[in-house]
Amino acid sequence: MQNKAMRDVFLETLYKEMKTNKKIFFVAADFGSPVLDKIREDYPNRFINVGIAEQNLVNVSTGLALEGFIVYAYAIAPFITMRCFEQIRVNIAILSQLKPMNINFIGVGAGVSYTMSGPTHHCLEDLSIMNTLPNMEVFSPADYITAEAYVKRSLNIKKPKYIRLDAKPMIAIEKKINNFDKGFRVLKEGNHIAIISTGYMTQKVIEIVEKYNIKVIDLYIINNYDKVSLKKELEDVATIITIEEGFKNSGGVDAEINFNFKDDKKIINLGFEKKYTFEIGDREFVHSKNGIGKEDLINIINKIVE
């Protein structure tokens, strides 16, 4: 399978839906793509560019959602989450508890996918801060197949959602996902040890664990997954390793798993150290600077297996 960017596949699927679903409205913060050009040209009455003004992006999107539109608000991940966090909290998280609205925040540039842009564009806090908001579903896909499948869910569920997309083209891990709404998928079977990862880190884990007898679970709906089904998958597991491209022990994936399994499992949490990385290099370089490079992960897994 060829590499594809999550953003392109997600927007292309949404573009097709806009042909028949007149309720879909797209709002951008001066952030483009070739597919977005098609949306703007073919549906000019349902496309707004608010400029480099993410706080206003939230305000405009809220108004449209309150009028019954299905709204997609689109910007670079660190800016759509952190620059306008108060607006999201007040206008969306709080208000949606009183009046249901279908509003979808698309953040492009998860983790360190904009690696060369440095810490201002690295997005390591978003899993934590968006997960802390009541009424907000957090979606973190590992490939474009997962991103494509989420379009249908985003259209049908009338609640706020944060869609965390990687900026780089990547391979499809699987051709199709069964039981998508379960919120996770088992990519590899194994005994006694399970790795639960999300986003780009799932791609990395799959590369590493082929020779190990380790179960691999890709958790793509971070805070609204089928907990009963996940517990069943982990019944025979003694040790869980969580891996995320975000600050560890800060309220992201590890917080979800620690809360639900702390009483009967050994849990090891892996992620970025609580510091910013100013050294410039590729993604693996930045990971290695924070103890989650490929060699780091292999060494950790070997120690656990032994």
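Visitor: Is strand β8 (residues 192-197) mostly covered or mostly open?

Guide: Strands are DSSP runs of E of at least two residues, and helices are runs of H or I of at least four, both numbered from the N terminus. Buried means under 20% relative accessible area, exposed over 50%, and partly exposed in between, with a 1.4 Å probe and protein chains only. In β8, five of the six residues are buried. This is a predicted model, in which local features need pLDDT of at least 70, side-chain atom pairs count only at pLDDT 80 or more, and totals for chains, interfaces and linings use all residues. Residues are numbered from 1 along each chain as its sequence is written, and side-chain values use heavy atoms, without hydrogens and water.

Visitor: Which strand does β8 pair with over six bridges?

Guide: Two strands pair if DSSP finds at least two bridges between them. The partner is β10 (residues 237-247), in the parallel sense, with His-192 opposite Val-237. β8 also runs parallel to β9 (residues 215-219), joined by four bridges; there, Ala-194 faces Lys-215.

Visitor: Which residues touch the most other members of the largest nonpolar core?

Guide: In soluble globular proteins, nonpolar side chains tend to be buried together. A nonpolar core is a set of buried Ala, Val, Leu, Ile, Met, Phe, Trp, Tyr and Cys residues joined through side-chain atoms within 4.5 Å. Here the largest has 41 residues, and Ile-88, Phe-105, Leu-234 and Ile-257 touch the most other members. Helix α3 (residues 54-66) supplies the largest share, four residues. Apart from this core lies another of 39 residues, including Leu-36 and Tyr-150.
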